[in-house]
Amino acid sequence: MTDAVLETQPAPLDPSWVDEVLLAGPADQVALVFDTPVTRADLRALVAAKQSVLAAAGLGAGGSVALSLAPSLAFVTNLLAAWRLGARAALLDHRLTPYETDNALQRLAPQVVVSAKHVTGGPLRGFVEIEERVATYPGRPADTTHALIQLSSGSTGPSKVIARTAANLVEEIERYVKIGAGVPQGGERIVSLASMVHVLGLVGGLLYGLHAGAQLVVPARMTADGILSAVAAGPEPTTLLGVPFHIELLSSVQTPPRLPQLTGMTTGGELVRAEVYAGFVDRYDIRLGNMYGMTEVGVIATDLFGEHRPSLTPAPGLTVREEAGELLVSLPASPYLGLVDPARWADGWLHTKDAGSVDEATGRLRIHGRRDSQVSVGGLKVDLTEVEHTLAALPGVASAVVTHDKAIEAYVMLRDGVTAAQVQDRLAERLAGFKRPRVLKVVEQLPRTATGKLVRDRAALLAASAPAAAAAPGSTAGAIPAQRVGTDVTDGATDPVAPAPVKEGNHAR
């Protein structure tokens, strides 16, 4: 680790980029749909009003603000207002605990904090109505020219501070434009299921939609019925934007309504298992595209029509190469603030920590899983991703996470009527003995990140199991040998649709 902190910073874009790239367009054109449509004229007026409030709190060009707001019109307008002032905005997930929020604020040291004074809306809401609280904070002006700060993944370890310039965000918007086919166009709709607090929903949904003139629609409720109702509410060609969790949610609808305006869905997050992919396409008869990216870069590669599955084509303007089995992405400057690890970025290349390969003939890439998913068992290499996918594909298994400490461990959610012993018997038919989990825990709910991705951090998984162990006197919850598997049932601490934020990692796999 070194203390090299982005020594050369390009001059920041003039704040007018917000008007030119995001807010321009016909006054009567609908830009956003929450409870009611918001036209571009409405949005411009709301942003100007928020800009006055932030300026009165002392925020100006070169300043720093932290937004701790749920997905909402208030989030959108405060973010655009901060950028229009020329300030740097740090996004904090609204579901962080007060302790986590305080730690993040101490770490980021903003001058102004915008949080929720009053929130209207309940569980499973796609968005809420917020009365904001704008408060000064004993922080400091931005010490770099970045426009956006995000805290990265907690799914595999501690979070990192990721910074992106306005120019970098505009470059990503242009990548979407250049991808072309499969990306929503002006006059169409994006029904976004991905949180706009994180990069997929933020850039792929909100910022790109504003730039392209596509309506961004956020469902009132993040249930299958709520999502399908949002699609049915308008006649324009509509694309769903979400993660594999949403695919599984929509696949649970046995007889979906006829939705001729639904042209396709694009998913980021983890790799969609083949049987889930096939089931969704068969049920809805639409294209299901995949997108691979990272918080540090945004969209990296796509296969928006499923033509090359599981391979993806690098997005225009990016170069992806393979080095020692790892995928590296071209990036001219480190995206990290604070201590910079040369194992993550060096000499213009970002180490993704994803195992993968690049076809020299076509340039397409394939992702084989996280590099840290490969472990040694008795001198034999085991890919935990393979074990996890095999386990999750078993009849009766709703979801699964596989980790490794001194042995391979599995945490599974089972469907009604299925036992852990049955799972082990079926797994024995599909995996060699050295690959099979030596510990199996059956849980009611697996923890997920704020973007719906399954958490693979062992400490978080054990913590999720702890309440049940404490609630069951005399239980032997914990390490359960595979030879005599029992159940270790926990009381799921997270909502499956609006998960507790163990933060986000790569937004597309």
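Begin by selecting Pro138, which sits in the loop between β6 (129-136) and β7 (148-151); helices (H or I, at least four residues) and strands (E, at least two) are DSSP runs, numbered from the N terminus. This is a predicted model, in which local features need pLDDT of at least 70 and side-chain atom pairs count only at pLDDT 80 or more, while totals for chains, interfaces and linings use all residues. Residues are numbered from 1 along each chain as its sequence is written, and side-chain values use heavy atoms, with hydrogens and water left out.

Is Pro138 buried or exposed? Pro138 counts as exposed because its relative accessibility is 75%, where exposed means over 50%, buried under 20% and partly exposed in between (1.4 Å probe, protein chains only).

Next, select Glu132, in strand β6. Its side chain makes polar contacts with the side chains of Lys50, at 2.6 Å, and of Asn78, at 2.8 Å; such a contact is a pair of N or O atoms within 3.5 Å, where within protein one must be able to donate a hydrogen and the other to accept it, and residues adjacent in sequence count only if both atoms are side-chain atoms. Once neighbours within four places in sequence are set aside, the residues in contact with Glu132 (heavy atoms within 4.5 Å) include Leu69, Ala74, Val114, Ser115 and Lys117.

Finally, colour the chain by pLDDT, the predictor's confidence in each residue, from 0 to 100: the mean is 85, and 86% of residues reach 70 or more. Over residues 468-509 the pLDDT is below 50, although this stretch has 133 contacts in the model beyond near neighbours in sequence.
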